[in-house]
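Hi,

Here is the structure I promised to pass on.

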Amino acid sequence: MNVFRDSRPAAADRPSEPPPLPQPTTGLRQRLGELRGPGVRPRPLDARALAALAANPGCRRRALLDGAGVDKTALAGALGSPAAFGQSQFALARGNSFEARVKADGGADLMLLLYERMGGGAEAPEPGRTAVPDLSAAGPEGRAARTALALREATATGGWTLLDHPLLTLDVAGSPAYLEPDAVVVHPDGGWTVVEIKSFPMIDGSADPAKVGAAARQAAVYVLALQRVAAQVLASTGRPVTVRDQVLLVCPKDFANLPTAEAVDIRKQLATTRRQLQRLTKVEEIAAQLPPGTTFDLRLADDGKTVTRSAAELAEAVESVDAAYAPECLSACELAFHCREQARAAGAVESLGRGVRGELGGLRTVEEVLAAARTEGGADGAEGAGATAARAPDGDTDAPAAEALRRAAALRAEALAEAGPGGARDTAGRPTGRADGAEGATACR
């Protein structure tokens, strides 16, 4: 049993607890349990998964699997396409060690960094005077309620307050998600700031832009969850609360283990994440469209590790839900390698990237693209660029893309023809002979 210090005021003065997060209906909970399999506990959604989900809101497959709490890592392994990414144990241990150092002595170093970057006109936090409430409680619902209550109390009291690993809630496509930021700081003016502690370094005051961007998208999810609590505070007390759209990113300085920090503006990520999460189809709607009896249960053996269900059955269940694959999924989704294989087998242009997909209009497969690129002069493009005027049927919505493809194919044919004998091509249109050697290189100059 978890025991925590109850620092709340008497019941008469105690602020009312926030309303519970909307839970799935009994029928939906039962259906999601069937999708996972009997006795399988749901995998919790974290901010990193939500940020990846928001980056690809059109993927109904991920929305359903994440909403149902399916273990996508185990599912990908059973399908024969295991995820090839993840954080090493060494990186996890290093990150935990660095976070513990940043939060040592009641978070004195952390609060000093925050004051230097985002303190505003408030008084500097004195060592040992920052309130650090105990947020322990039974179960995620209890911890989330305790966090919301601690935020209210700290806002009403004033002064500096550090919430270490609070638990926040967010409704995602009709399914509740519990999120745990590294820290949230309450300022003396009542404002709330999200703190992200990462183990990648800041060298000469700058860090890897890709990693900073990922941290900003992750922090945007936390800010959205905090805004929900702030709205509840306003509704119950009439006091507006400012959730800052700047977060504090804490990283090791240079090549040492000393912490440094910078304020990161996440307004763009916040607006994008909010819009994308709102676009997600409700999990209940996706589940209702599945064939009867669909389940992603791996049917593990008594050892809890051996999968007894065939890969063909699992693939059929997975393919019953539409996916929206893009190369970016490879760094964000455990099922990305399976989806890539399916996209390549179908010749889908999505496997080439969202940018290419957007340029091709209604052309959906590589075969359609190659057919549209054929010039009227034949496969060898002998008539040249001048013979590639588009003659698409009236009303053909693919005419602009097809015309551009024919133009590109003709220019390529002209370049190969000018390369001389080395410009000969095989039946697939690929250069043969010495087009890629010295003669071709000289002619192309």
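**What I found**

Leu-370 sits in helix H14 (residues 366-373) and is exposed, at a relative accessible area of 54%. For that label, buried means under 20% relative accessible area, exposed means over 50%, and partly exposed is in between (1.4 Å probe, protein chains only).

Before you read on, keep in mind that this is a predicted model: local features need pLDDT of at least 70 and side-chain atom pairs count only at pLDDT 80 or more, while totals for chains, interfaces and linings use all residues. Residues are numbered from 1 along each chain as its sequence is written, and side-chain values use heavy atoms, leaving out hydrogens and water.

**Overall build**

The protein chain has 16 helices and seven strands; these are DSSP runs (helices H or I, at least four residues; strands E, at least two), numbered from the N terminus. Of its 445 residues, 44% count as buried. The accessible surface comes to about 23000 Å², and 52% of that belongs to carbon and sulfur atoms (Shrake-Rupley method, 1.4 Å probe; for residues, only the protein chains shown count as cover).

**Inside**

The largest nonpolar core has 81 residues, and Leu-50, Leu-64, Leu-75, Leu-170, Val-172, Trp-192 and Phe-296 touch the most other members. Helix H8 (residues 209-237) gives the most to this core, with 14 residues. A core in this sense is a set of buried Ala, Val, Leu, Ile, Met, Phe, Trp, Tyr and Cys residues joined through side-chain atoms within 4.5 Å. Leaving aside residues up to four places away in sequence, Leu-64 touches Leu-35, Val-283, Ile-286, Ala-287, Leu-290, Phe-296 and Val-321.

Helix H2 (residues 47-55) is worth a look too. Seven of its nine residues are buried, so H2 is largely enclosed by the rest of the structure. Those buried residues pack against helix H3 (60-68), strand E2 (168-172), strand E3 (175-179), H8 and helix H9 (267-279), where contact means heavy atoms within 4.5 Å.

**Salt bridges**

The whole structure has 16 salt bridges, each a side-chain nitrogen of Lys or Arg within 4 Å of a carboxyl oxygen of Asp or Glu. One of them joins Asp-66 and Arg-62 (2.9 Å, N to O). These two are four residues apart in helix H3, so about one helical turn separates them, and both Asp-66 and Arg-62 are buried. Asp-164 pairs with Lys-103, with the closest N and O atoms 2.5 Å apart. That pair links distant parts of the chain, 61 residues apart: Asp-164 is in strand E1 (residues 161-164), and Lys-103 is in the loop between helix H5 (89-102) and helix H6 (104-118). Lys-103 is buried, at 13%, whereas Asp-164 is partly exposed, at 35% relative accessibility.

Cheers
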